[in-house]
Amino acid sequence: MLNIITGAISLGLLWSVTALGVYITFRMLDYADMTVDGSIVTGAAIVAVLLTKGANPFTATFIACIGGMAAGVVTGILHTKLKIPAILSGILTQIGLYSVNIKIMGKANINLLKVDTLFDIIPGGKNTVLIGGGIAAMALVLLLNSFLATSLGSALRATGNNEKMANAMGINTDTMKILGLALGNGLVAFSGALIAQSQQYADMGMGQGSIVIGLASVIIGEVLYHRTSIIGKLTAVVVGAVSYRIIIALVIDMGMDPLDLKLFTAITVVIALSMPRIKGYAMAKIKSFRKHHIKATIKIREKEGTAI
Amino acid sequence: MTPALIVRDVEKTFNPGTITENYVLKGINLVLEEGDYVTVIGGNGAGKSTLLNSIAGVFPVDEGHIFIGDKEVTHLPEHKRAVHLGRVFQDPMVGTAADMTIAENLSIAMHRGEKRGLGKAISEKEKAFFKEKLAQLDLGLENRLNDVIGLLSGGQRQAITLLMATIKKPDLLLLDEHTAALDPKTAEKVLQLTDNIVNENKITTIMITHNMRDAINHGNRLIMMNDGRVVFDVKGEEKRNLTVETLLEKFTQSFAESALSDRLILG
């Protein structure tokens, strides 16, 4: 059991990097970026190819990030310059990336059993993924927090929050969107590179549904660890990603068919996204119940002659 | 002296060649002197907002030229004109970023039109300056620098937008019915604030209003638009002596002249 939890936390930390990328595009830029399913594989593909060619794991991981950023830039240009709707821009890049990723890898999957990965060269023994993932997540939370507090970060947030105002203040919102998408997908590719190295293979199919996993993490984090400061919100994303993995590990341990996972994730996200509405509905019900209850009580008391 | 603003023969048609084609600005001409505070009135569809948006670069114009100071801005995109312009919109929600704090919004405004780098967004010195400026609004906002803007009322947000538009002195301030969405008391307060800021800093200003009394009582110059053109333009003494009655008369008169057009509905 402990092993399962440790494994889930480790995996959750690696996925939290994807979730942070999704957080940047989805929450800061208000952009549901479908590129993610492709760029996470791009990260894995680049790192796998470079490692099999004998590259240093740090260099390989860094180049994987650049690959992801390039994918984000493409989506950004499709959306801002060619005026293609946001979701469609992401989907188009994602589909295109499928071919690009196969070209990069040369085949459908690459195993990394015989090469040294990041997790082989950092110390930590059995828990090297836990430690490496933890360091990466923590460093990124701190880095993103400082970035979002800069003038540039502030301009990025303003673009996502109120584009008209950002424009009126002289912020080039097109550039900001491209920048945000590059940043987001750079993180996603970083995450893909880490995941591939921890599981010691890269596979064409590994990206499927990762945007939804990212969203699930962001939303679960917001529900479990609600904070108002930026650093709190970023931490919540990591908390969400790890919690998501623990939940998945537990339900599988309880006997759920792994093939049902995607459905389970989709339903989780639907419930989490509809929470505000469900809450509102429930509150209205409770209110009207109380009103009727009070009225009924008053009536009964009047009958009994005990009205105050 | 170079005029603060020149709008020369500007034309704008929306959705050309379609069933919803709308010829709004029909060769409009307007010259503003440095320090002019112009109120603009006109019926719905007269082209008031389109004129302001043309100056701000929200969309490209079809014909004509626009100069701010001695710089031609006709072909500049909106974000590049921002360095010259302060803007306040009719909808109080448009001028501020709701999920960001008062301080963050003001710091964005402080650097309007500048390149945004990796320096800290808000310095302590700026915070003190923001406090001082907020205190001048007299709305009790000076101690709420770290509150998210979304928590504020429409009137408070509009006052902050006004502050944001002027905290770095603009060459030209564009106010697009900025009090229309507020309750009368708040509207009065925001208008008073507008007068204070504009007069104190001698900012060249265009203010659209649908309230003729406000148009008469504020500013040093009044123009009336109808059917995509300026039909009436008064200044100084003549403007001070205007009454709502004479304005209404002018209104009716210019309507009669363009009575054939059925697009005109009195606002």
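These legends walk through several close-up views of a predicted model.

Before you start, note that residues are numbered from 1 along each chain as its sequence is written, with chains lettered from A and ligands numbered from 1 in the order in which they are written. Local features need pLDDT of at least 70 and side-chain atom pairs count only at pLDDT 80 or more, while totals for chains, interfaces and linings use all residues, and side-chain values use heavy atoms, leaving out hydrogens and water.

View 1. Helices (H or I, at least four residues) and strands (E, at least two) are DSSP runs, numbered from the N terminus. Reading from that end, the order is α-α-α-α-β-α-α-α-α-α-β-α-α-α. Taken along the principal axes, the C-alpha atoms of chain A fill a box of roughly 90 × 55 × 35 Å.

View 2. Contact here means heavy atoms within 4.5 Å. About 2,000 Å² is buried between the two chains, and carbon and sulfur atoms give 60% of that area. Buried area is the accessible area (1.4 Å probe) that two parts lose on being put together, summed over both. A:Asn161, A:Met165 and A:Met169 supply 29% of what chain A buries against chain B, more than any other three residues.

**View 3. One salt bridge crosses the interface of chain A and chain B.** The term covers a side-chain nitrogen of Lys or Arg within 4 Å of a carboxyl oxygen of Asp or Glu. The partners are B:Glu104 and A:Arg157, whose closest N and O atoms are 2.9 Å apart.

**View 4. Helices H2 (residues 36–52) and H4 (residues 86–105) of chain A cross at roughly 10°, with axes that come within 9 Å.** Axes are lines fitted to C-alpha atoms, for helices over the stretch in contact, and angles run from 0 to 180 degrees between N-to-C directions. H2(A) and H4(A) are therefore roughly parallel to each other, a label for angles under 35 degrees. Residues making the contact include A:Val41, A:Ala45 and A:Val49 of H2(A) and A:Leu97 and A:Ile104 of H4(A).

**View 5. A:Asp174 and A:Lys81 form a salt bridge within chain A.** Their closest N and O atoms are 3.5 Å apart. The pair links distant parts of the chain, 93 residues apart: A:Asp174 sits in helix H9 (residues 173–199), and A:Lys81 in the loop between helix H3 (57–80) and H4. Over all chains, the count comes to 13 salt bridges.

How values were computed. Parallel < 35°, antiparallel > 145°, perpendicular 65-115°, else oblique.
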